[in-house]
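Open the model in your viewer and keep the selection panel at hand. The stops below run from one residue out to whole chains and back.

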Amino acid sequence: MRMPKWSFWKVASAVCLIGGLYAVIFRFAFGLGASTNLNDAFPWGIWIGFKLFAVALSAGGFTIAGAVHIFNVRRYRPILRPMVLSAFLGYSMFVISLLIDLGRPYRIWHPLVMWNPHSVMFEIAWCVTLYTTVLFLEFLPAVFEKLEWKKPLDLLHRAFIPVVIAGVILSTLHQSSLGSLYLIVPEKLYPLWYSPMEPVFFFLSALCAGVAMAIFASWHSSRSLGKELEFSLVVGLGRVLAVLLAVYLTVRALDLEHRDAFGLLALPRRETYFFWLEIALLAAPMVLLFQQEFHKSATWLYFCSVLALLGFVTNRLNVAITGMEASAGLRYFPKREELAITLGLVALAFTLFWLAVKYLPIYETEGTSTAMAEIPSANPVRVRHGQT
Amino acid sequence: MSKAILYDATMCIDCKLCEKACAERNGLPYDDKVAAEQKQSEHKFTVVMSQGDKFMRRMCMNCNDPACASVCPVGALRKTAEGPVTYDGSRCIGCRYCMVACPFSVPKYEWNKILPLVRKCDMCADRVAKGQPTACAAICPTGATKFGDRDALIAEAKNRIASNREQYVDHIYGLNEVGGTSVLLLSSVPFEQFGYKTNLSVEPVPVLTYRALSHVPDVVVLGTVLMGGICWITNRRAEVAAAETAEKEAGVDKKRERR
């Protein structure tokens, strides 16, 4: 913490947080018209883009929880808790940005009571509510351990597997339904992104993003908190990421082929450039991760994960913004307040993550009462995580 | 019987009485400044657009299977049996998905209000429910905007085109667009000229999302069975491994005895 690097990030976070807070006050005082560049032709902007990628970057929660608890890949257990934490924070930011984005945020509970099962948004409302609850439950053990509350910890132990299964299913539904949102706009979303396969793309890319987040988080934790993960573990994740990225990119290419959309790839248009940026950011780490020599350095693995994460952020922003501009007949660029709120939420997530890691047992999974890591049955593999 | 509005642009004289009647019915201000606006907005639900001596109206198409109603998470937008697509502001949370989803980009938002609502033409649902024509149709002096049974109006529109082929574009806009709408348009100039999309599918738009949504129960049921099953296998393995280790620790002799 004495590193000067940290004080830079602290200052940057503080600036973003203060700017975001100001913008939130501004938005509620003067309304959406004054605080955004949204209009009737372009009713969804960067906050929707933020929501899409916040959820994608939260995918580490269900991928690693599924790997550890359902598929019993125990060696990933040390990163489970940080991933659940990142997902919980990602979803919390989703909910906060939703409260800011909704015209009447005090009615946020309406979808839970006034049903319309034909609406993707209705499905999303339920998934977010339930999965945020699940993430909260998955995260609670860390709090209970800190407070040394044995009884509730025990209770959570018992319900753990059903909770994890529910989490994986809810995530699958939620990740894909964010893609389904755009199925309704075949004439509005640019054909490089509009596809009947959109829900599948969103789900697959979430899997990739989940693994990339795991690499990203482990590097940061080792740098800033001195809590290192087994290096072999990170290398393993790098391989998984390479394969998942290859699958994702192949499916995207096949989809373009099936829709006869290859011709669009060479059109000198804004959409084309942003599309290639997105693909380059995803293809580069895939190629790099398939090279053995890159597996020797944690920094390279980290670099690859950052590229992939940026690729998915670009993808979500392309779907939400770039791909919708042409049909709206305008260029959208977020207003100062919109950007300030988005950056503020990112800073808030990082700050809360840092605080949680500092004060809660997030990286300690060696203890006996680690509910996150434990299934009631004893497991001898626990003694040395990360070693096969 | 489903009701509809037939607007025949060739009979329109751009008097804008429909705009005025619409504003009155919806309690919106209407003056020369508003009359001059050529765009639909949160304070102008219908517009008579003009290009030289050609005119075209724009209002909510009141689709037969509306995208807005299908995407609304709280069911604030609904298609009534008589034809109108209504909006219940007391339910609206302000997610604006209806605005994104509408193939005609009809719903508008009160961007400048602190607590905004969506605004759009609802085909005078209260009047239609009482058997009255819409305000715009009732006031139209030339009969360019006509209210009636949808089927009867379609037959009439076909007749008009058939009996006067030079005057009309051979297309009833709204007959099949996105599965048909409760507003039908006739024109002497191509509809694109007034910004009407002609690349719309004849399939109702909600089908696109419903196809995906209908898989949700399958994912839940299959997912639970699959995850539960995998869990059962992997944990059984872990239990066996644990038991074996315990046995080894307890002593090899005991193990032999049992065998």
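Start by selecting Cys16(A). Leaving aside residues up to four places away in sequence, Cys16(A) touches Leu343(A), Gly344(A) and Ala347(A). Contact here means C-beta atoms, placed from the backbone, within 7 Å. This is a predicted model, in which local features need pLDDT of at least 70 and side-chain atom pairs count only at pLDDT 80 or more, while totals for chains, interfaces and linings use all residues. Residues are numbered from 1 along each chain as its sequence is written, and chains are lettered from A and ligands numbered from 1 in the order in which they are written.

Stay on Cys16(A). Cys16(A) sits in helix α1 of chain A. Helices are DSSP runs of H or I with at least four residues, strands are runs of E with at least two, and both are numbered from the N terminus. Is Cys16(A) buried or exposed? Cys16(A) is buried, with 21 other C-beta atoms within 10 Å. The cut-offs: buried takes 20 or more other C-beta atoms within 10 Å, exposed 12 or fewer, partly exposed in between, with C-beta atoms placed from the backbone.

**Chain A as a whole**

Select chain A. It has 13 helices and zero strands. Its radius of gyration is 21 Å, close to the 21 Å that the globule rule gives for 388 residues, so chain A is as compact as a globular protein of that length. That radius is taken over C-alpha atoms, and the rule is 2.2 Å times the number of residues to the power 0.38. Along the principal axes, the C-alpha atoms fill a box of roughly 60 × 50 × 50 Å. Buried residues account for 50% of the 388. Of the contacts in chain A with a separation of 6 or more, 81% are between residues 24 or more positions apart.

Next, select helix α4 of chain A, residues 80-101. At 1.5 Å a residue, its 22 residues should span 32 Å, and the end C-alpha atoms are 31 Å apart, which agrees. The expected span is 1.5 Å times one less than the number of residues. In α4(A), 17 of the 22 residues are buried, so the helix is largely enclosed by the rest of the structure.

**Two domains in chain A**

Colour 11-37 + 336-357 as domain 1 and 38-332 as domain 2 of chain A. These bounds come from an automatic or database domain assignment. The C-alpha centres of the two domains of chain A lie 21 Å apart. Across the boundary, 15 residues of domain 1 of chain A are in contact with 17 residues of domain 2 of chain A. Which helix gives the most to the domain 1 side? α13(A) does, with ten residues. The residues on that side divide into ten nonpolar, three polar and two charged. Nonpolar covers Ala, Val, Leu, Ile, Met, Phe, Trp, Tyr, Cys and Pro; charged covers Asp, Glu, Lys and Arg; the others, Gly among them, are polar.

**Crossing to chain B**

Show both chains. 46 residues of chain A are in contact with 55 residues of chain B. On the chain A side, α1 (4-35), α5 (110-113), α6 (120-147) and α8 (160-180) each supply at least two residues. α8(A) gives the most, with seven residues. By class, this side of chain A has 28 nonpolar, 13 polar and five charged residues.

Now select chain B. It holds ten helices and nine strands. Its radius of gyration is 29 Å, well over the 18 Å that the globule rule gives for 259 residues, so chain B is more spread out than a compact globule. The C-alpha trace spans about 105 × 45 × 35 Å along its principal axes. Colour domain 1 (3-204) and domain 2 (215-258) of chain B. Their C-alpha centres lie 63 Å apart.

Select helix α8 of chain B, residues 206-213. Pro206(B), Leu208(B), Thr209(B), Ala212(B) and Leu213(B) are buried there. Seen down the axis of α8(B), the buried residues fall within an arc of 160°, so they line one face of the helix. The arc is that of the directions from the helix axis to the C-beta atoms.

**Last stops: two loops**

Go to Lys16(B), in the loop between β1 (3-8) and α1 (17-25) of chain B. Lys16(B) has a positive phi of about 65° although it is not a glycine. Lys16(B) is partly exposed, with 19 other C-beta atoms within 10 Å.

Finish at Cys124(B), in the loop between β7 (118-119) and α5 (125-129) of chain B. Phi of Cys124(B) is positive too, near 45°. Cys124(B) counts as buried, with 24 C-beta neighbours inside 10 Å.

Methods
Two residues are in contact if their C-beta atoms, placed from the backbone, lie within 7 Å.
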